[in-house]
Amino acid sequence: MLLKKKTFAGQFRQTLKNILAVLAEAGGKPEHIVRMTWYILDKQEYLGAIKEVGAAYRELIGKHYPAMAVVQVSALMEDVARIEIETTAVIP
């Protein structure tokens with residue numbers, strides 16, 4: 001994934017779109033997501049973008065809320081990355 005959007009909310013939205021694209025390739029839908037772990041660099045940046053994050057989540061995922069954890073980390077592999085999301089889905 002090439003991160004063109006440097007804001008936390010923009011990267012979050014793009015990350016969800018990427019997750020959904022991979023899921024769709026396997027015949028899955030958002031409701032097949034069973035777990036998500038969000039790795040973020042800055043808790044305050046996350047909290048400052050919470051309205052945009054919530055709006056993007058509702059728009060793209062809907063009202064499906066799998067088990068989720070948000071973990072603050074010291075670094076991510078891509079220098080411009082503000083967030084990474086690890087997702088597990090079960091497609092019947």
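**View 1. Valine 90 and what it touches.** Leaving out residues up to four places away in sequence, valine 90 touches His32 and Val34, where contact means heavy atoms within 4.5 Å. Valine 90 sits in the segment after β3; helices (H or I, at least four residues) and strands (E, at least two) are DSSP runs, numbered from the N terminus. Its C-alpha is 22 Å from that of alanine 56, 34 residues apart along the chain. This is a predicted model, so to say: local features need pLDDT of at least 70, side-chain atom pairs count only at pLDDT 80 or more, and totals for chains, interfaces and linings use all residues. Residues are numbered from 1 along each chain as its sequence is written, and side-chain values use heavy atoms, with hydrogens and water left out.

View 2. Val53, Gly54, Ala56, Tyr57 and Leu60 are buried (under 20% relative accessible area; exposed is over 50%, partly exposed in between, with a 1.4 Å probe and protein chains only). They all lie on the same side of α3, because they cover an arc of only 165° around the axis, taken from the directions from the helix axis to the C-beta atoms. The face turned away carries exposed Lys51, Arg58 and Glu59.
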